[in-house]
Amino acid sequence: MPATDINEQGQQFSFAYVRAVASVAGCSVTRPEVDDDSVDLSFSRKGGNGPVTSPRLEAQAKHWRRGPFGTEGASYPLKVKNYDELRDPNMMVPRILIVVLVPKTPEAWLTCNDEDLVLRHTAVWTSLEGMPESPNDYTVSVPLDPSQRFTPQALTMLLDQIGSGGA
């Protein structure tokens, strides 16, 4: 029996997945000591050639125990508190939601052998900036686009956009 709650395991796995992506992208990752503003992780990259140097991006990372996406995507049930804090268009540092989809049992999340280290299933990102207020009390269904994978290339593209003055 695992010593840790499965939700805590999922959170730690999602952080490890996101950190692996950031490592390949050549970005630094920090974690705020207190998460009271829907920010789990902050990405930064030194330098840059655009009008904004050393761009930063903040993220809320969630894990979701379900099967892989089909072509149609899915909608993640996000707490209204997190939704409201991620949709605020007045944040100085842009924010995204990253959802790491994992198999239902932790034993299937990771495999490794002499040649491969495989993390299952995938992660997608979305920006909620400027989304409308929700009349819901507890959760908001956030549509996830399966083509918007959180990859090293996607993270680099997001930081390039921020560095060029767009977000």
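The side chain of R45 makes a polar contact with the side chain of D160 at 2.7 Å, a polar contact being a pair of N or O atoms within 3.5 Å in which, within protein, one must be able to donate a hydrogen and the other to accept it, with residues adjacent in sequence counting only if both atoms are side-chain atoms. The structure is a predicted model, in which local features need pLDDT of at least 70 and side-chain atom pairs count only at pLDDT 80 or more, while totals for chains, interfaces and linings use all residues. Residues are numbered from 1 along each chain as its sequence is written, and side-chain values use heavy atoms, with hydrogens and water left out.

R45 belongs to the loop between β2 and β3; helices (H or I, at least four residues) and strands (E, at least two) are DSSP runs, numbered from the N terminus. With a relative accessibility of 19%, R45 counts as buried, where buried means under 20% relative accessible area, exposed over 50% and partly exposed in between (1.4 Å probe, protein chains only). Leaving aside neighbours within four places in sequence, R45 is in contact (heavy atoms within 4.5 Å) with G26, S54, P55, T156, L159 and D160.

G26, one of these partners of R45, follows helix α1 and has a positive phi, near 75°. Helix α1 itself covers residues 6-25, and its 20 residues reach 29 Å from the first C-alpha to the last, close to the 28 Å expected at 1.5 Å a residue; the expected span is 1.5 Å times one less than the number of residues. At the start of α1, a side-chain oxygen of D5 comes to within 2.9 Å of the backbone nitrogen of N7. The buried residues of the helix include F13, F15, Y17 and V18.

Turning to the strands, β1 and β2 run antiparallel and are joined by 3 bridges, two strands being paired if DSSP finds at least two bridges between them. Within this pairing, V29 stands opposite F43 in β2. Strands β2 and β3 also pair in the antiparallel sense, over 4 bridges, and the bridge partner of S44 in β3 is R56.

A search of the whole structure finds 3 aromatic pairs, for which rings of Phe, Tyr and Trp (its six-membered ring) must have centres within 6.5 Å, with planes under 30 degrees apart counted as stacked, over 60 as edge-to-face and the rest as tilted. One of them is a tilted pair, F43 and F150, with ring centres 5.9 Å apart and planes at 40°. Since F43 lies in strand β2 and F150 in the loop between β9 (139-144) and α3 (152-163), the pair ties together parts that are 107 residues apart in sequence. F43 is buried, at a relative accessible area of 0%, and F150 is buried at 2%. Another, W64 with Y76, is edge-to-face, the centres being 5.2 Å apart and the planes at 85°. This pair ties strand β3 (residues 56-65) to strand β4 (residues 74-79), parts that are 12 residues apart in sequence. Both W64 and Y76 are buried.

Finally, D36, in the loop between β1 (28-30) and β2, counts as exposed at 56% relative accessibility. Not counting residues up to four places away in sequence, D36 touches K81 and E85.
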